[in-house]
Each structure stands twice: as structure tokens, then as C-alpha cells.
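Here is a short note to read beside the model. Please keep the sequence open and check each point as you go.

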Amino acid sequence: MRYLIIAILIIYTGLPACKKADYEWEQYQYTAVPIVTVDTTKTALPTRQAGKVAFFNLNDPNLADQEFAFTLDWEGFDKVTVTSIEVYTSYNKAESSVPAYPLVISSPGNQYTNIAQFPLPSIIGSRDKLYETVTTFPKIYSFTATQLAAMNNVSLGSVAVNDYFLFKFILNLSDGRRIITFFNNICDESRGEPGDCRVGVRFKKQ
């Protein structure tokens with residue numbers, strides 16, 4: 001038994017010497033994520049909360065007055081605190097391949113859509129304009145189609161099916177960090193990830 005204990009101690013103390021590489025994930029840090037709740041009563045066409053998307057209907061003569069609304073908050077998982085969130089907005093032409101409508105659910109009994117409703121990863125780009133910086137939460141937003149068009153310098157007469165307005169978020173944490181990019185493992189609507197890094201409203205003809 002004595003020799004067995006000695007052998008175990010030798011193996012244990014020798015393990016660190018066997019390590020040949022350092023990995024970035026070993027120096028992980030906790031972060032917070034934005035949380036978005038879509039007002040599913042303010043959408044021209046039916047949607048699902050998990051999709052983080054609403055719709056404007058181009059066939060509706062009252063397009064200009066159709067509404068899009070959501071509530072913005074954050075979650076720090078009792079590890080970090082958010083001091084502010086920068087809210088960015090953009091108008092985007094339809095992608096070459098767009099999610100199906102009506103929204104498709106990934107499997108029976110599942111609440112999640114079968115595909116992310118907007119492009120990933122969520123990165124602030126040159127077309128994204130800072131709308132405001134929020135310091136008090138939760139924050140409720142409500143816009144008409146006319147207001148969103150004016151905010152993004154676009155005419156409602158020029159939009160086409162599957163074009164969309166998109167809101168993205170940058171988080172400023174109390175420890176000085178600024179979270180500017182969210183990848184698929186944080187905010188993919190089709191997988192029920194813990195954060196909502198963007199939310200938008202898409203034009204349809206129904």
C-alpha cells in the first residue's frame with residue numbers, strides 16, 4: 001500500500017509537467033447577455049416569442065401605422081453587472097436565403113424556430129447606427145413602420161419583401177469590459193441560447 005500511495009503521488013505531481021499547451025477557454029470570464037421580450041401583440045402577422053422577430057405586412061394599406069415593440073433587459077447570472085447597453089439600428093435588404101414563413105418549429109413540442117431568423121454572428125457593422133445608450137432597465141421600445149423608416153433614412157415605398165429592420169446591442173459591464181460581438185452559442189434563436197443579441201421586424205406580403 002505504501003508503494004501504491006507513493007506511485008499515485010508521483011503521477012499526481014507529474015501531471016502539470018505533462019501539459020503541453022495553454023487554451024483560451026481555460027482563462028474564461030463570465031459575462032452578461034441582453035434579454036429581449038417581443039410584444040407579440042404588436043406584429044402585423046403572427047409570430048413566436050422564441051423567434052425574436054415580428055412582421056410588417058406590405059399588403060396592408062395601413063403599413064405606415066403598423067407597430068413593432070419589445071422590452072430590453074439583461075442577465076448577469078449573479079456573476080456580473082451591466083451598467084449600460086448601446087442600442088444600434090439598421091435597415092437591411094433581404095438575404096439570399098431567408099427563413100420560411102409562417103415560422104417553422106424545429107420539432108414537435110419544441111418552441112424554437114428551425115433556423116436563426118437573422119444572420120449570425122451578431123456584429124456591429126458600418127450600416128448599424130447608434131440609436132441610444134440605455135442605463136435604466138427594463139426599457140420598453142415601440143415604433144411604427146414610419147418611425148423605423150425615418151430612423152434608418154429609408155422610404156417605406158422602396159422596401160421589398162423580406163427586407164428588415166434590426167436592433168443589435170453592445171453591453172458595457174461594471175468591470176470595464178465592453179461586449180461587442182455575440183456568436184451562435186449565445187444567441188441562436190433556433191437553439192434556445194441564453195441571450196438575445198438582436199431583434200428585428202421583417203416585411204412580408206400576406
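1. Cysteine 187 and cysteine 197 are both buried. Buried means under 20% relative accessible area, exposed means over 50%, and partly exposed lies in between (1.4 Å probe, protein chains only). The two residues form a disulfide, with their sulfur atoms 2.0 Å apart. A disulfide is a pair of cysteine sulfur atoms within 2.5 Å. A search of the whole structure finds one.

2. What does this link tie together? Cysteine 187 sits in helix 3 (residues 184-187), and cysteine 197 sits in the loop between helix 3 and strand 11 (198-204), so the pair joins parts that are ten residues apart in sequence. Helices (H or I, at least four residues) and strands (E, at least two) are DSSP runs, numbered from the N terminus. The link of cysteine 187 and cysteine 197 is right-handed, with 65° about the S-S bond.

3. A word on the source: this is a predicted model, where local features need pLDDT of at least 70, side-chain atom pairs count only at pLDDT 80 or more, and totals for chains, interfaces and linings use all residues. Residues are numbered from 1 along each chain as its sequence is written, and side-chain values use heavy atoms, leaving out hydrogens and water.

4. Now the salt bridges. The count comes to eleven. The rule asks for a side-chain nitrogen of Lys or Arg within 4 Å of a carboxyl oxygen of Asp or Glu. One of them joins aspartate 128 and lysine 168 (3.3 Å, N to O). This pair links distant parts of the chain, 40 residues apart: aspartate 128 is in the loop between strand 5 (122-123) and strand 6 (129-134), and lysine 168 is in strand 8 (residues 164-173). Both aspartate 128 and lysine 168 are buried.

5. Glutamate 189 and arginine 198 also form a salt bridge, their closest N and O atoms 2.9 Å apart. Both are buried. Compare glutamate 193 and arginine 191, whose closest N and O atoms are 3.0 Å apart. Glutamate 193 counts as partly exposed because its relative accessibility is 22%. Arginine 191 is partly exposed too, at 45%. Asp188, Arg191 and Glu193 are linked in a salt-bridge network.

6. Buried or exposed: which is serine 90? Serine 90 counts as buried because its relative accessibility is 0%. Serine 90 lies in strand 4 (residues 82-92). Its side chain makes a polar contact with the side chain of aspartate 128 (3.1 Å). A polar contact is a pair of N or O atoms within 3.5 Å; within protein, one must be able to donate a hydrogen and the other to accept it, and residues adjacent in sequence count only if both atoms are side-chain atoms.
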